[in-house]
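Me: I'd like to learn how to read a structure like this one, feature by feature. Can we take it slowly?

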Amino acid sequence: MSDEILVKVENVRKHFPIKQGILFKREVARVHAVDGVDLEVRRGETLGIVGESGCGKSTLARCITGLHSITDGRILFEGKDIGRAPDKAFRRDVQMIFQDPYGSLNPRRRVGSIIADPFDIHGTATGAERKKRVQELMELVGLNPEHYNRFPAEFSGGQRQRIGVARALALKPKLIVCDEPVSALDVSIQAQVINLLKDLQDELGLTYIFIAHDLSVVRYVSDRVAVMYLGKVGEAAEGEELYARPRHPYTNALLSAASVADPDRAERRERIILTGDVPSPIKPPSGCRFHTRCPKAQEICATAEPPLTVAAGDTAGHLTACHFPVELGERLAEAHAAIQQESTEPTLGVTE
Ligand code: SF4
């Protein structure tokens with residue numbers, strides 16, 4: 001991993017207008033899906049983005065790949081503003097692996113043809129050369145190249161996700177955005193796909209943005225982790241640092257609910273139960289967005305938004321958006337120790 005910044009996200013917002021009216025539609029509200037996010041991704045690293053469903057992580061991923069235009073802010077790729085209409089080179093350099101290996105593959109098309117899509121779209125290989133390169137990709141991701149003419153239904157869930165990985169690799173991208181790539185797979189298959197992604201990263205020098213809702217999966221694959229809540233980043237740090245010294249109360253709660261393989265540890269650990277529902281992104285709370293559910297909230301939290309900054313005593317790369325960061329004595333030592341001990345192997349599964 002180098003120190004070179006490959007992707008820079010600057011104060012990015014993505015709002016979806018809600019319109020009403022029959023003849024003349026007018027905007028009546030906005031969904032604030034992503035609402036002022038700053039992030040950096042270095043070349044060769046994996047940035048994990050984690051948060052509950054609806055926190056904006058997948059929308060942010062789609063903004064970075066250019067699938068969604070942004071409402072405000074800037075996204076720089078290799079120092080160049082991709083703007084609202086990314087060029088052809090950017091579309092080649094940035095690829096995506098989708099969550100659902102069943103829904104993302106057309107069941108009526110043969111696998112060879114699906115993997116060759118990027119060659120066809122960008123006109124980079126035809127005829128025998130196209131077939132040869134597709135079969136090389138199949139081999140690279142652990143698929144039998146002889147199965148070139150089979151249909152997706154003839155493959156297992158894990159193999160279908162490998163087809164998605166092969167398609168993403170076709171144009172030798174610099175960045176791959178993995179949007180919950182294992183959450184639709186059986187636990188036993190998740191580790192295989194994650195290990196494949198890690199091996200490919202080592203072999204090809206890829207950079208990943210890895211989206212997930214399970215902190216233990218993100219912990220295993222990520223060099224750095226950003227935690228999102230209701231369209232904003234609440235905390236971002238090196239993986240080891242975040243798991244050892246979580247500072248945001250929301251990160252603390254997520255860690256206490258992350259899956260732990262050891263049943264004894266799972267039994268002993270203390271869970272933080274967040275009360276109340278996640279507020280609507282149409283009308284997010286004032287001040288700190290987490291204040292309606294935060295066990296540490298005080299009066300100021302409802303009126304003043306905390307900046308994402310280095311809290312007292314933290315290292316330069318550890319950013320927290322909280323007026324009252326979690327202190328050492330408040331931490332759930334047992335839960336964090338369990339995650340750390342098990343993090344040398346993927347502790348896979350769905351968050352409880
Ligand atoms: Fe909780 Fe206040 Fe910190 Fe927000 S700013 S996370 S409400 S303590």
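Me: In which hand does helix 6 pass helix 7 in their crossing?

Reply: Some background before the answer. This is a predicted model, where local features need pLDDT of at least 70, side-chain atom pairs count only at pLDDT 80 or more, and totals for chains, interfaces and linings use all residues. Residues are numbered from 1 along each chain as its sequence is written, and side-chain values use heavy atoms, with hydrogens and water left out. Now the hand: a crossing is left-handed if the near helix is turned anticlockwise from the far one by less than a right angle, and right-handed if clockwise. Helix 6 passes helix 7 in a right-handed crossing.

Me: What describes the packing of two helices?

Reply: Two packed helices are described by the angle between their axes and the distance between the axes. Axes are lines fitted to C-alpha atoms, for helices over the stretch in contact, and angles run from 0 to 180 degrees between N-to-C directions. Here, helix 6 (residues 157-169) and helix 7 (residues 187-204) have axes that come within 10 Å and cross at roughly 20°. So helix 6 is roughly parallel to helix 7 (angles under 35 degrees count as roughly parallel, over 145 as roughly antiparallel, 65 to 115 as roughly perpendicular and the rest as oblique).

Me: Which residues in helix 6 and helix 7 meet?

Reply: Contact means heavy atoms within 4.5 Å. From helix 6 you get G158, Q161, R162, V165 and L169, and they meet I189, Q192, V193, L196, L197, L200 and L204 of helix 7. By class, that contact has eight nonpolar, three polar and one charged residues. Ala, Val, Leu, Ile, Met, Phe, Trp, Tyr, Cys and Pro count as nonpolar, Asp, Glu, Lys and Arg as charged, and the others, Gly among them, as polar.

Me: How many helices and strands does the chain have?

Reply: Helices (H or I, at least four residues) and strands (E, at least two) are DSSP runs, numbered from the N terminus. The chain has twelve helices and twelve strands.

Me: Is F155 buried or exposed?

Reply: Buried means under 20% relative accessible area, exposed over 50%, partly exposed in between (1.4 Å probe, protein chains only). F155 has 5% relative accessibility, so it counts as buried. It is found in the loop between helix 5 (127-140) and helix 6. Not counting residues up to four places away in sequence, F155 touches V111, L143, H147, R150, R160 and I163.

Me: And D277, buried or exposed?

Reply: D277 counts as exposed because its relative accessibility is 69%. You'll find D277 in the loop between helix 11 (263-268) and strand 11 (309-310).

Me: Which residues have a positive phi although they are not glycine?

Reply: Most residues other than glycine have a negative phi, and most peptide bonds are trans. Among those with a positive phi here are E180, at about 45°, and L230, at about 50°. E180 is in the loop between strand 7 (175-179) and helix 7, and with 9% relative accessibility E180 counts as buried. L230 is in the loop between strand 9 (224-229) and strand 10 (232-238), and at 3% L230 counts as buried too.

Me: What share of the chain counts as buried?

Reply: Of its 352 residues, 51% count as buried.
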